[in-house]
Structures are given as C-alpha cells and as structure tokens.
Amino acid sequence: MMLCLSATTVPGRAYGWGWSQARGAHYLKVWDRSLLGNRAYFSDGTARYVGAFGDHALNYYFEYGATDRWTFVTFGRPVGLATFSGNTRVYVGDLNVGLRRGLVQGVWNLAVEAHYGYAPPVGETALGRGVTEGQPFEYTPTIEMHRLEAELQLGRGLWRGGWVSAQAGFRWWLREGVGPAVYGGVQVGHQFGFGLTVSGTVLAHQPLNAVTITNIPGTGQTRYVGFAIDLSYWFTPRWSITAGIGGAPFAQSNAAAIPILVGFEHRG
C-alpha cells in the first residue's frame with residue numbers, strides 16, 4: 001500500500017470522516033497519483049538510495065447515499081504504470097467496496113465503516129532487486145491479496161465552513177507474510193466562500209508484525225506516519241479540480257518520495 005491520502009466531501013460543504021451522504025446524493029473523486037524518486041525507506045526505517053523509479057496510477061473514490069444513514073463506498077486503483085531498473089509494468093491495484101453507517105448526525109458525527117478489497121495479480125512481478133549497504137530491496141508494484149477493514153469515524157463541523165475529523169481502524173490481509181495492522185488519522189479542513197477547499201491530514205499505519213522485507217512502493221507489509229495537503233477549487237456547485245501532495249517522514253518498506261495528485265471531483 002503506497003501512501004496516498006485524500007479527503008471525502010458531501011454536497012454543500014466539504015467534510016472528512018464521520019459524515020454520511022444524504023439519500024440519493026453522491027460524491028466522486030478521480031485523480032492521478034504520480035510518484036518519482038530514487039530513495040526508499042528500508043525495513044529498518046532508514047532511507048537509502050535505490051535508483052530512479054516512477055509510478056503513475058489512476059485512482060477513484062465514490063460515495064452514494066442509500067439512505068440518510070447508510071452510505072455505499074467504493075474506491076481503488078484500477079490501473080497503474082510502474083518503472084524501475086529499466087523495466088516497465090502495467091498493474092492493477094486494490095479495488096474496494098464498503099458501507100458506512102451513520103450512528104450520530106448533527107454537530108457531532110459518528111459513523112462505522114467496513115470494506116472488502118481485492119488486489120488481482122496483474123503486474124505482480126518484481127521490476128528489479130538490489131542490495132544497498134548490505135540491505136536487500138525490491139520493487140514489486142502490486143501483490144495479489146484480499147483485505148478486510150473496519151473503522152470508527154468521528155467528525156465535527158467548525159465555524160464558517162471548517163471541520164475536524166478522525167478515524168481509527170483495523171485491517172486484515174488474507175495473504176501469507178502480510179499481518180494485520182491498526183491505522184488512524186486526523187484531518188482538519190476549511191471550505192472558503194469562493195469555492196476553495198483546503199485540508200491537511202496526518203495518517204498512521206502500524207502493522208502488528210515486524211516489517212522484514214523492503215518493497216519500495218509499500219505493497220505488502222509496511223509501516224508509516226504520513227501527511228497530505230489537499231486543495232480543491234469548486235468552479236461550479238457540482239464540479240471541482242483538485243491537487244495535493246503527501247509524504248511519510250517516518251516509514252518502513254515504503255517510497256521516500258512525495259506523491260503528487262491531480263484530478264477532479266463531482267457531487268450531486
């Protein structure tokens with residue numbers, strides 16, 4: 001799982017975790033994530049030079065309000081292109097479906113959410129391997145596995161278009177060698193009256209087992225504390241253009257590079 005953070009939105013105002021879509025309402029975000037670099041965090045947490053790599057992936061996130069309290073959610077990475085060590089590979093990342101149940105709605109918003117995900121074996125080939133300072137590494141853009149997630153979300157609207165939200169969850173991978181993990185995050189954002197939305201997110205992913213293998217894109221067993229800054233400009237009530245950057249100042253088995261996100265959003 002390469003670090004990639006993004007906010008969610010509901011019609012009328014922008015929010016993070018905890019809010020449910022109204023019945024019949026939807027939100028869609030589609031974006032390209034580009035990652036270019038030459039350093040990676042190894043399994044011991046040290047960033048080392050590994051040679052130039054690149055990864056471009058199409059991502060999507062979609063919500064639909066089945067009722068005022070039940071929201072259908074799907075998100076994933078349907079196609080990507082990775083390059084490393086003179087090799088190029090098209091791959092398919094994880095694809096996920098889930099449901100959110102709004103428990104409390106109002107000034108405070110509390111919800112539970114669960115997902116099932118699957119990453120097919122398309123592109124599950126090591127583009128290259130090497131050893132740096134006696135530490136082995138590889139670049140495998142995706143690995144086949146099933147995934148289950150369950151999380152608790154909390155959010156509160158703030159004065160004049162602001163919000164703060166948080167999540168905490170547990171993740172299981174049904175693949176040998178990839179153990180369960182806990183994860184959590186905090187997000188603060190603000191929607192200005194002229195259409196600009198700004199949010200900042202901090203997210204931690206902590207596996208319960210030791211990280212012993214270094215895979216540059218972070219697929220499989222990885223640990224990190226990361227951040228993201230997202231900007232959206234709603235040039236109509238329904239459409240926006242969006243961009244963001246992110247990174248992980250502390251990580252194991254992940255890319256030591258800043259991903260750049262560019263895309264669009266639609267709500268209705």
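The exercises below go from the whole chain to single residues.

This is a predicted model, in which local features need pLDDT of at least 70 and side-chain atom pairs count only at pLDDT 80 or more, while totals for chains, interfaces and linings use all residues. Residues are numbered from 1 along each chain as its sequence is written, and side-chain values use heavy atoms, with hydrogens and water left out.

**Exercise 1: the whole chain**

Step 1. Helices (H or I, at least four residues) and strands (E, at least two) are DSSP runs, numbered from the N terminus.

Step 2. Along the principal axes, the C-alpha atoms fill a box of roughly 55 × 35 × 30 Å.

Step 3. Now look at contacts (heavy atoms within 4.5 Å). Of those between residues at least 6 apart in sequence, 61% join residues at least 24 apart.

**Exercise 2: inside and outside**

Work out what share of the residues is buried, and where the nonpolar surface patch gets its residues from.

Step 1. Buried residues make up 51% of the 268 residues.

Step 2. The chain exposes about 11,600 Å², and carbon and sulfur atoms supply 66% of that area. Such areas come from the Shrake-Rupley method with a 1.4 Å probe, and for residues only the protein chains shown count as cover.

Step 3. A patch is built from residues with over 30% relative accessible area and no salt bridge; like charges are joined within 9 Å, and nonpolar side chains (Val, Leu, Ile, Met, Phe, Trp, Tyr) within 5 Å. Here a nonpolar patch of about 820 Å² has Tyr64, Trp70, Phe72 and Trp172 among its members.

Step 4. Strand 5 (70-84), strand 7 (95-104) and strand 12 (162-174) each supply at least two residues of the patch. Trp172 sits in strand 12 and counts as partly exposed, at 37% relative accessibility.

**Exercise 3: the surroundings of Ser34**

Decide whether Ser34 is buried or exposed, and which side chains make polar contacts with the side chain of Ser34.

Step 1. Ser34 belongs to strand 3 (residues 26-41). Its relative accessibility is 18%, so Ser34 counts as buried.

Step 2. A polar contact is a pair of N or O atoms within 3.5 Å; within protein, one must be able to donate a hydrogen and the other to accept it, and residues adjacent in sequence count only if both atoms are side-chain atoms. The side chain of Ser34 makes one with the side chain of Asp32 at 2.8 Å, and another with the side chain of His56 at 3.0 Å.

Step 3. Leaving out residues up to four places away in sequence, Ser34 touches Asp55, His56, Ile258, Pro259 and Ile260.

**Exercise 4: salt bridges**

Count the salt bridges, then describe the pair formed by Asp55 and Arg33.

Step 1. A salt bridge is a side-chain nitrogen of Lys or Arg within 4 Å of a carboxyl oxygen of Asp or Glu. By this rule there are ten salt bridges.

Step 2. Asp55 and Arg33 meet in one of them, at 2.2 Å from N to O. This pair links distant parts of the chain, with Asp55 in strand 4 (residues 47-65) and Arg33 in strand 3, 22 residues apart. Both Asp55 and Arg33 are buried.

Step 3. Turn to Asp44 and Arg48, whose closest N and O atoms are 2.9 Å apart. Asp44 is partly exposed, at 42% relative accessible area, whereas Arg48 is buried, at 7%.

**Exercise 5: a positive phi**

Say where Glu133 lies and what its phi is.

Step 1. Glu133 is in the loop between strand 9 (128-132) and strand 10 (135-139).

Step 2. Its phi is positive, about 55 degrees, although Glu133 is not a glycine. With a relative accessible area of 64%, Glu133 is exposed.

Note on methods. Buried < 20%, exposed > 50% of the residue type's maximum accessible area, 1.4 Å probe, protein only.
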